Amino acid sequence: MDQLDALALPLGDDGVVIGVDAESRPAVLGINRPAPYDVTLIGGLWTAQVLALRAAATGVRIAVETGRAQAWTALAQAAGGGQPCITLHDVGRVPPQGASAGSPVVVVRDCGMRPPRGRVVSGPWQSVVTLLPYLSPVAPRLLEKSSLVGVQRVSPDEATQIGRIMGLQRAEWEALSTLADGVTLWCTPRDRQFVMTQATDAETGLLGAARRMD
């Protein structure tokens, strides 16, 4: 399976609709994979939470590693209709998840600017999504090892650095400092796609309006 076709998968059980592209077509992220899959999102908590909520709705178990559990509590309680499909863990305290093809897992690492090296890493049927609020000193290492990178609005200086690390075209990295809330540039080594994430009424009621910062 080509694990770089994340943004070109057909709609189905193996994908999470993360928004629409410039032509208003659904953009689907295939996050459940038989091989290790690392995603880095330089962006806002809101987008990470929408992604987690939608992945949970497809039957994926979500383990959130975070130093701000209060920001995730309402989401964890609302997801799964009472089933513990989103669990919260202190930084460095995520237990083995026992991921399998029948019970895939996404570990969301919301650990601030300098997330420590995780004890729980990506593996078969266990993807790891690392959220960075800004381009931190650890970001280049994370970006280079990630299969998929998402970038939301950043400063012009950060945009220039990200463009260099990711090999973006000038128009792509220049756009990064002007993106609207809810817009993400998703990048694989060979694909670039701007995606607008539009919340459902239920998501807005739970998470509020799209925003880059909390």
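This is a predicted model: local features need pLDDT of at least 70, side-chain atom pairs count only at pLDDT 80 or more; totals for chains, interfaces and linings use all residues.
Visitor: How much space lies in the largest cavity?

Guide: By the rule used here, the count comes to 3 cavities of 30 Å³ or more. The space in the largest cavity is about 60 Å³.

Visitor: Which elements each supply at least two residues of the lining of that cavity?

Guide: The lining consists of Val 17, Ile 18, Thr 47, Val 50, Leu 51, Arg 54, Trp 186 and Thr 197. Helix α1 covers residues 45-57, and strand β1 covers residues 16-20. The elements that each supply at least two residues are β1 and α1.

Visitor: How far does helix α1 reach from its first C-alpha to its last?

Guide: Helix α1 has 13 residues. At 1.5 Å a residue, a span of 18 Å is expected, and the helix comes close to it. Its reach is 18 Å.

Visitor: How many of the residues of α1 are buried?

Guide: A residue counts as buried when its relative accessible area is under 20%. In α1 the buried residues include Leu 45, Trp 46, Arg 54 and Ala 56. The helix is largely enclosed by the rest of the structure, because the buried residues number 12 of the 13.

Visitor: Which residue with a positive phi follows α1?

Guide: Phi is near 100° in this residue, a positive value. The residue is Gly 59.

Visitor: Where is Ser 24, which has a positive phi although it is not a glycine?

Guide: The phi of Ser 24 is about 65°. With a relative accessible area of 58%, Ser 24 is exposed. Its place is the loop between β1 and β2 (26-29).

Visitor: Is Trp 125 buried, partly exposed or exposed?

Guide: Trp 125 lies in the loop between β6 (105-110) and β7, and its phi is positive, near 65°. Buried residues have a relative accessible area under 20% and exposed ones over 50%, so a residue in between counts as partly exposed. The relative accessible area of Trp 125 is 24%, so Trp 125 is partly exposed.

Visitor: Which residues form a nonpolar patch on the surface?

Guide: One of them, Tyr 134, sits in the loop between β7 (126-132) and α3 (139-145). Tyr 134 is partly exposed, with a relative accessible area of 37%. Together the patch residues have about 260 Å² of accessible area. They are Met 113, Tyr 134 and Met 213.

Visitor: Which elements give two or more residues to the lining of the largest pocket?

Guide: The largest pocket holds about 220 Å³ of space and is lined by 17 residues. Of these, Asp 38, Arg 109, Gly 118, Leu 142 and Lys 145 lie nearest its centre. The elements that give two or more residues are β3 (37-42), β7 and α3.

Visitor: Why does Met 166 count as buried?

Guide: Met 166 is in helix α4, residues 156-166. The cut-off for a buried residue is under 20% relative accessible area. Met 166 counts as buried because its relative accessibility is 16%.

Visitor: What distance separates the C-alpha atoms of Met 166 and Pro 189?

Guide: Along the chain, Met 166 and Pro 189 are 23 residues apart. Their C-alpha atoms are separated by 7.7 Å.

Technical notes
Residues are numbered from 1 along each chain as its sequence is written. Side-chain values use heavy atoms; hydrogens and water are left out. Helices (H or I, at least four residues) and strands (E, at least two) are DSSP runs, numbered from the N terminus. The expected span of a helix is 1.5 Å times one less than its number of residues. Buried means under 20% relative accessible area, exposed over 50%, partly exposed in between (1.4 Å probe, protein chains only). Patches are made of residues with over 30% relative accessible area and no salt bridge: like charges are joined within 9 Å, nonpolar side chains (Val, Leu, Ile, Met, Phe, Trp, Tyr) within 5 Å. Accessible areas come from the Shrake-Rupley method with a 1.4 Å probe; for residues, only the protein chains shown count as cover. A salt bridge is a side-chain nitrogen of Lys or Arg within 4 Å of a carboxyl oxygen of Asp or Glu. On a 1 Å grid over the protein atoms alone, a cavity is a set of points where a 1.4 Å probe fits but cannot get out, and a pocket is an open set with protein on both sides within 12 Å along at least five of seven lines; lining residues have an atom within 4 Å of a point. Grid points are joined across faces, edges and corners, and a volume is the space filled by probe spheres set on the points.
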